[in-house]
Amino acid sequence: MARLIRFIPIFLISLLLMSWIAGASERFPPPEFEGGRELPNIQTPAPRADYMGYVDVGVLLFGLIFASWLVLKKRSKRWITGLGIFSLAYFGFFRQGCVCAIGSIGNVTQAIFDPTYSASLVILAFFFLPLAFTVFFGRSFCASVCPHGAIQDLILIKPIEIPLWLEKSLRIFAYGYLGLSVLYAAASPMYLICRYDPFIPIFRMTGSWGGFLLGFGFLGVGMFIGRPYCRFMCPYGVLLGWLGAVAKKNVEITPDACIDCRLCEHSCPYNAIIPSALDAEKTNPAVEKKRLTWAIAMVPILVAIFAWAGGQIGGALSRAHYNVTVAEDVYLRDAGLTDPVPDDNVQAFKGTGKKTEVLYAEAVAIAGRFTFGSYFFGGFMGLVIGLKLAGAAVRSKRKDYHIDAENCIACGRCYDSCSVEQLRVGSPEGDPDMKEALAAQYQKEAANS
Amino acid sequence: MAEATKTSDRREFLSSGLRGLSLVGLGGIVGSLIASARGAEATFWQIDPEKCIFCGQCATDCVLDESAVKAVHAHDMCGYCDLCTGYFEPDPNDLNTGAENAMCPTGAIKRNFVEDPYFEYTVDEPLCIGCARCVKGCTMFGNGSLFLQIRHDRCIDCNECSIAIGCPADAFVKQKGDQPYVLKGMQGQAHHEGSKH
Amino acid sequence: MSEPTPQNDKAGATAAQAAPAVPAAKPEGFVIGAVVIKPEQFQMAMAVAILSGLCCVAVSGILTYNYFSGGNVASLLEDQELTTLKHQLQKAPKDDKLKMKIRRRDWELRNNLFHRLKFDETGTYLAAFSFILFLGALKYALSLRVEWPNPLEWGARQAKKEKRTHMISGLAILGTGMLTVGFLIFLGKGSPGLAFQDPELAKRVEAPAASGADKSEGGAEGPGGEPAVPQPELPESYPSNEEAAKHWHAFRGPGGSGWYRLGKPPLEWDEKSGKNILWKTELALGGVSSPALWDNHIFITGADKSQRVIYCLNADNGKKLWEVELGAIKRASNEAPEVFEAKEGFAACSPVTDGKRVYAVFANGDIAAANFKGKIVWAHNLGLPNNGYGHSSSLTRWKNLILVQYDQDGSEGGVSALFGIDAATGEVAWETKRDYGPSWCSPIVIETESGPELITVTTPMLVSNDPATGQELWKADVMAGEVAPSPVFSDGLVIAAMADSGMAAVKPGGSGDVTKTQVAWQIEGDLPDTASPATNGTYVWVLTSDGILTCFNPKDGKVVWTKETDVTGYPSPTIANGHVYLTGEKGQTLIVKAGDKYEEAGKGKVDVKVGASLGFYKDRIIIRGSKRVYGIGVK
C-alpha cells in the first residue's frame, strides 16, 4: 500500500506531462508501439548562415573600392566590364539578386516608419555603402558593382541616341517610381521594387510569365537603348544621382585638359556628356536670370498642385494592399453587390474567424495612411518637376567636355574616345593588327579613286 | 578668367557643403537605424502552422516552379490511423494506396504498415509540391501532425516573399537564423523551450 | 565583313565610275567608315553569334510553348479530367475500370509535371548558355570592327543648338509634369472609392434592404384604423406571419403543420412515363433535408463529411441559380459528426428563409446565412453536437430570430440548449441551457392568446419557451424514447406523438410543470418514431415508418380511421388540396382524401430514394431525392 501511494504523485505528474505534450488537438492518441519505435524527426535543413551575409557585404565593399579605383585611376573600360561580369555572376546569378541595394530602399523605409521592424545590418550596409562611396567617388557602384547595371551594360550592342528632351522627360519616371516605392513601403509595407524587379526572374531563371516578359523586354530594349532600367526606372539611381552631383571626385573624360576635339561627343550611350560651351550662342544673362527666377518661383506652386493631385489617389493606391482588397470584397459581397461566385479571398477571410468590423477598421487605417502619404508623394513629384525645370533654365558655361555628374554611371566608354587619353595610353592605330587593317582600307580607297 | 574662377569656387563651395550635408544625413539615418536595430540579425521566412489555413496557395505562389514550401510530418503527434484523413480523400473508395483514394496529387505521402492496426505516413519531400491537401485533411479531421514548412534548403529568401504577399491567413512570419522553423510536436516544444532560455 | 557578292562588285564599280572625285576630296589620313581588323575572326565570331542566337531563340520558344501548354503545378491541381473521373467513381464505387482510368490519369499528370520541371531546368540553362555565347561572340565581333568618330560629319557644335535644346527640354519636362498630374487626377477621380468608405454605396446597400422588407408591419396593426404610430426603429424588418404563410418557407411549411393551403398540386405523376414531371435537377451533394421556398426560390442543403453547401434552384424550371459552400469556419472541433444513414445525414436539417436570406444548419453544428444572391452573410459553428444519429433538428424563424433546438446527449446535463440567433448578423441573441436529453425533433412557434411560444419536443418533456428571450414557460412530462417527430399545433392544442410514449395534447399558456394540469388527452397506438404528424385543423394524420396511417381527432385523441399502407420510410405526410400526401422512402407517394374515411385518390412515383418531406410552390410539388430534385405539376 505504501508503495502504491508513493507512485501516485509520479502517476499524476506523468499524466500532466502527457496532457501537456499532447496539446488540445489530438483526436487519435499516438499509439504505444510494442517494443518501442524510433520515430523519425522532421529534417530541418539550415538556411544560409548569417556570416554569409557579411561575406556579401565584404564582396560589395571590395567591388566598390575596386570599381572606384578602376573608374578614377585605372580608367579602363575593359577592366570595368570585367568587374561588372564578376558582380553579375556573384550578386546576380549566385546570390539571385537578393540582397540588393535597390531593394534595400524598401527595408530602410519600413525600418523608419514601422517601429516593430528593424532592418538587418547586412541590408543597412547594402543601402549605405554605395551611397557613401558615391559621395566621394561618383557612381562607380552603377558602373560595375550593381548586377542590374552590369547586365544592361553588357547587353548594349548598338546604342541609339535619344534626344535630350525625351531623355529628360523619361528620367522623371525614376523619381515617380522612387516616390511610389517609398510610399508603399511606408504605408503598407509592400516592396514594389522587389516585386516588380525585371531582372530577378532572369537571375533566378524562374518566375512568373509577366516577370520574364518584363525582364526580356528590358533586355531587348537595352540592346539598343543603353541601360533603360538604370536611366528611367531605378529608384536607387535617383539617390545615387543626387549624391553623384555633389561627389568629391567624378569621372573625368580626359586625363588632362580638354582640347575640344569633339571626339567624345557621341560616345556616351546614356546622354551624360555635357558638350563644351565653346562658340555657344551668346546668352543674355539678365534673361537667363529672369527665367531661372520664374522657374524657382514656380516650384511651390507646382508642389501645391501636385500634392493636391497626389492626395486624390491614396485610396486607389491602397487597393494594392491585400487587406484593403479583401475588405472591399467582403463588403461588396455582404452587401449583395457583387457576383455570388465564390471568392477565394472572402472564403479565406471567413476561415480566419476575424470579425468584419476589425477587417474594415484595418482597411480604413491602411487607406488613411496611403492618403496621407500620397499628398507627400504628389508634393515630391511637384518638387522634382519644378527643380528639373529650373535646371533646364540654366546652361553650362564650361568650355570643355565634361560629364553630367548626376547621370553618369561611370561605364568608361568615353575614355577610349578621348584623343588626349589615346595619346596617354597609346592610340589603337599603333596596334599591329590595326595597322594592317588600316593599310588594307587605304589600299581599297586608293583603288576606288 | 577671374570671373570663371570665382564661379567655379562658388560651385565647389556649394558642392562640398551639400556633400557634407548628405553625408551627415545618410550617417544619421543609417546610424539611428543601426542603433534601433541593435545588431539585428538576418531573418528568414517561415510558416506558422497554427495560423495556416491550408488554402493551397503555397504550391503556386512561390517564385520557384516547385515551391519551397513542403509538408512535413511530426510523427510524435500522428495517430498512425488506418483511415488517415491526410492520406485518403473524404469518403475513400477503399483503404489502399490506389490513386483514386489518395488525397496527395503527386503521391508524395507514403503509407507503410507498422503493426496492427497502425500505419506510418511519411512525406517523400522531392515529390511534395506544398499544395496542403494532406495538411487540410489531417488538421481538420485528424491530429494535425502534417503541416507546411518552408524548406530552407530550397528557399532563396526573397526580400519580399511572394507567397507571404498573398497569404490570406497572415501565416508567414520572419524567424531568426537560429530558429528558422516553427514546428509542431516534440520538436516544436523543444524549440519553444530553447527560446525561453 | 563577308565575301563581296557580284552585285556589290557591280555597285562598287558603278560608284567608282560615277563619282571618282569623292574619296579624293577627303582630307588625307582619314579613314571613312568602319575598319574590320581581323576579317576571318570577325566572320567566325559572327557565325557563332548567329548560330547561338538562333539556338537561344529556339530553346526560348520551346520553353514559352511549354509554359502555356500546362504541365505546371496549377494545372496538376486543377485537372478537370481527374475530378470528373473521381466523381464518377463515387457513383460507381465498384467500377475497377474506372479506378484504372483514375490511376492512369494520376500517373500521367505527375509524370508530366516532374518531367516538365526537369526539362524546363535543362532548357533554361541551355538558353542561358547559348545567350551568353551569342552575346560574347557578337561583342567580340563588334570589337573587331572599329569605327572612328568623325566630327566633320556632325555639323555644327551641339553648343550652337543649346538654347533650343534647353527650351525643348524644359517644355518636355513641363509636359511630362502635366501628364503626370492629369494621370493622378484621372486615377483619383476615375477609380471608384473604396467600397467600405463610400457613402453612396452605403446608401445603396441600405436601400434594397428597406424596400424588400415588409412595410405593413407597423402601419396595418395600428389600433382602430388610426394612423399608425411610428414604431421604434427595429434592428431590421422581417416578414409578418401572413407574408411568410404565402411561401413554404421552412420544414413542414408555415406554422409547421405540414398543411399547404394555397395551390392545387397534382394527384398523379410518374418519372418513368414522365407524367407531370416538369423538371429534374441533379445536385452534387446529397441530404435528407426538406426544401424551403420563397417565391420561386427553392433552397436545399447538401453535405458530406467535408463539404456543406446551400443550393438555390428556380422552382419554375429547376435551373440551379447558385450554390454556396460554407468554406472554412472557425470551429471548436473539426471532427466529423456521427450521423445516421452514412452520407445523407450530414444534411438532415432543413433550412428556413425569410425572403431576404436563407438560414441553414448542418450536422456538425455549422450554421450560416446566405443572401438571395448566394453570398454567405454570416457563418459560424455552434459546437459539435453529441446526439448519436447526428443533429437533425430544422431551423425555424420568429421575427428576426432564427431558433435552433440543440438538444444533445449529455450525461452531466446542461449540454442541451436552445439558441435565438439574430438573422441579420448571426449573433447569438439568447441561449438557454437545459438538462433535457437528445432530440431529433424540430421546433415550432405558435401564437396563443397569452403570447408566442416556442414549442420543442425533447425527452422526457414537451417544453415551451418564450421565443423572444428563451425563458422556459412550461413543460409537460409526456415524451419518451429517441424523439424525432416534430409537434403540431391544432385547435388550441399542442400535439406531439412518439411511438414509445404515445400521443399527447397539451394546452399552451401554462407555467412550470403542467403535466398534471394542462394535458388535454394522452393516448397510445400506432404512432411514428420519425415522421411528424400533419394537421389541417380538423384531423391529425400520423404515418409510422412501416406504413400504418392513422387519422385522429385532435380534440379528444380518438382514432377516426386507420389503414396499413405500403408507404414505408421517414418522410412526413403533408396535406394539400384536400388530400394527404404520403411519401415513402422508395420514391412513391400515396395520395388519400383528407376526410373522415380512408379513400385513395392518386399515386406518384419517382425513381430515387426519398428521405425528405415534400415542398410546395403554386400548383406544384417539389420532391427532394437525395441528389435529385423534382418539380411536379400539370404540364
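1. A residue is called buried when its relative accessible area is under 20%, exposed when over 50%, and partly exposed in between (1.4 Å probe, protein chains only). By that rule Phe119(B), with a relative accessible area of 15%, is buried, while Phe113(B), at 52%, is exposed.

2. A word on the basis of these values: this is a predicted model, in which local features need pLDDT of at least 70 and side-chain atom pairs count only at pLDDT 80 or more, whereas totals for chains, interfaces and linings use all residues. Residues are numbered from 1 along each chain as its sequence is written, chains are lettered from A and ligands numbered from 1 in the order in which they are written, and side-chain values use heavy atoms, with hydrogens and water left out.

3. Now to the rings. Those of Phe, Tyr and Trp (its six-membered ring) pair if their centres lie within 6.5 Å; planes under 30 degrees apart are stacked, over 60 edge-to-face, and the rest tilted. Over all chains, 44 aromatic pairs turn up. One of them joins Phe113(B) and Phe119(B) edge-to-face, at 5.4 Å centre to centre with 70° between the planes.
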